[in-house]
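Hi,

Here is the structure I promised to pass on. My notes on it follow below.

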Amino acid sequence: MNKSMLAGIGIGVAAALGVAAVASMDVFDRGPQYAQVLSATPIKESIKQPRQECRNVTLTHRRAVQDENRIAGSVLGAVAGGVLGHQFGGGRGRDVATVAGALAGGYAGNQVQGGLQDRDTYTTSEQRCKTVYDKQEKMLGYDVTYKIGNQQGKIRMENDPGTRIPLDRNGQLILNSNQA
């Protein structure tokens, strides 16, 4: 055997041993490719949106009274009661009946006019509005707790990541699919 053949065999054996050593060291294994998601908590915000709610209401109003003291009813009642009382008795009795009739008629006329005034009403329709609040929930994102190897971290994400988050070649989280 010549020297160059022996040198070639030696180099070949050394190269084979080197490849075997590298393969057993797992040099080409670049570590985990995903971060494990431990929890993803949704973060929400409550929003109150105001709006007007209106309805029509029927209102009953009493007309303005022209004769607050009911003088017209009292006078007309007194005259009618006096005329009616004058029909009874004779002499001094007739005078007493006339006065009693006038007093009773005056009172009755006053009460009748009061009842008529109380029932003298009209109705109107009016729109009444109030502010009510509609409650809505707005999703802000998710607070995610993750684990890469033995290291634990937290991050806020727009969407629920599921059970794992992909990592780039440097072991950093890939937060959107455009970075892959």
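From the N terminus on, the elements go α-β-α-α-β-β-β, which makes three helices and four strands (DSSP runs numbered from the N terminus: H or I of at least four residues for helices, E of at least two for strands). Keep in mind that this is a predicted model, where local features need pLDDT of at least 70, side-chain atom pairs count only at pLDDT 80 or more, and totals for chains, interfaces and linings use all residues. Residues are numbered from 1 along each chain as its sequence is written, and side-chain values use heavy atoms, with hydrogens and water left out.

Of the 180 residues, 19% are buried (under 20% relative accessible area; exposed is over 50%, partly exposed in between, with a 1.4 Å probe and protein chains only).

The largest nonpolar core has nine residues: A35, V37, Y142, V144, Y146, M157, I165, L167 and L173. Such a core is a set of buried Ala, Val, Leu, Ile, Met, Phe, Trp, Tyr and Cys residues joined through side-chain atoms within 4.5 Å. Strand 2 (121-148) gives the largest share, three residues, and strand 1 (34-62) supplies at least two.

There are also four salt bridges (a side-chain nitrogen of Lys or Arg within 4 Å of a carboxyl oxygen of Asp or Glu). One of them joins R51 to D134 at 2.7 Å, N to O; R51 sits in strand 1 and D134 in strand 2, 83 residues apart. R51, E53 and D134 form a salt-bridge network. Another pairs R156 with D143 at 2.8 Å, and because R156 lies in strand 3 and D143 in strand 2, this pair ties together parts 13 residues apart in sequence.

Cheers
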